[in-house]
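Biologist: I would like to learn how to read salt bridges in a model. Please take me through them.

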Amino acid sequence: RLTVIGVFGLAFVGAAGASSPSYEGPRLRSLAYVASNPEVVFAAGDGVFRSTDGGANWVALGPHLGYDQVLTDPHDSRRVIAFQSLYAHHAGRYLESVDDGVTWVERSISGASPPGSDPPKGTSLDGFVMHRSLAGVWVALVEGKLWKTSNSGRTWEVRPTPNPVPMRGRIVASREAFYVASATEVWRSSDGVDWHPTGLSKGEKLDQIALAGDA
């Protein structure tokens, strides 16, 4: 199955204005499906939304405007993470739900911006991925710095930052490793602790996508 999204929007089947030719749903920036049940899909952009029938119908969840990225835990079908990648006032912070998006709790990447504190000016959460094979091993990119947790976010540690620094959004997880990319290099880590260049240093890298397996 291939799903393509743009900046158009999400039509709520049965919603009051959905049948109008001029109806425009909330704009979307990301999609994530539950690995054990691909019919359950989450969308984020102008809020966070959930579908349990493969996208035919949607309901709005607790987070409203301000959370434009969503991901699901490949090892816990009920855990959903939502974060804002655009604005500094969400620096190092994210929302976590462990009940399919019904309730949410604000979390923070330890040391980056504790909940309730004022984040450092100009910082932002630029990427967040989960290891597909190692449960609880996540990596986040906060203002060019790599942070790693091995216990599903209970504690975080900052890792040495590659040079040149990775760029916003250029962080992916395959089955066996994490990858981050700057404009000229790609780094790989099997556990989020040690990072090694892949040798692709010639020419500008625009983006990267994790495929099946470790491709």
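**Salt bridges**

Modeller: The whole-structure search finds eight salt bridges. A salt bridge here is a side-chain nitrogen of Lys or Arg within 4 Å of a carboxyl oxygen of Asp or Glu. This is a predicted model: local features need pLDDT of at least 70, side-chain atom pairs count only at pLDDT 80 or more, and totals for chains, interfaces and linings use all residues. Residues are numbered from 1 along each chain as its sequence is written, and side-chain values use heavy atoms, with hydrogens and water left out.

Biologist: What is the general idea behind such pairs?

Modeller: Side chains of opposite charge can pair when their charged atoms come close. Now a case: the closest N and O atoms of Arg29 and Asp68 are 2.8 Å apart, in a salt bridge.

Biologist: Which parts of the chain does that pair link?

Modeller: Distant ones, 39 residues apart. Arg29 sits in strand 1 (residues 28–34), and Asp68 in the loop between strand 4 (59–60) and strand 5 (69–73). Strands are DSSP runs (E, at least two residues), numbered from the N terminus.

Biologist: Is Asp68 buried or exposed?

Modeller: Buried, at 2% relative accessible area. Buried means under 20%, exposed over 50%, partly exposed in between (1.4 Å probe, protein chains only). Arg29 is partly exposed at 46%.

Biologist: How does Glu157 pair?

Modeller: With Arg159, closest N and O atoms 3.5 Å apart. Glu157 is partly exposed, at 35%. Arg159 counts as buried, at 16%.

Biologist: Which residues do salt bridges with shared partners join into one network?

Modeller: Asp73, Asp76, Arg79, Glu96 and Arg107. Within it, Asp76 and Arg79 form a salt bridge at 3.7 Å between closest N and O atoms.

Conventions
Helices (H or I, at least four residues) and strands (E, at least two) are DSSP runs, numbered from the N terminus.
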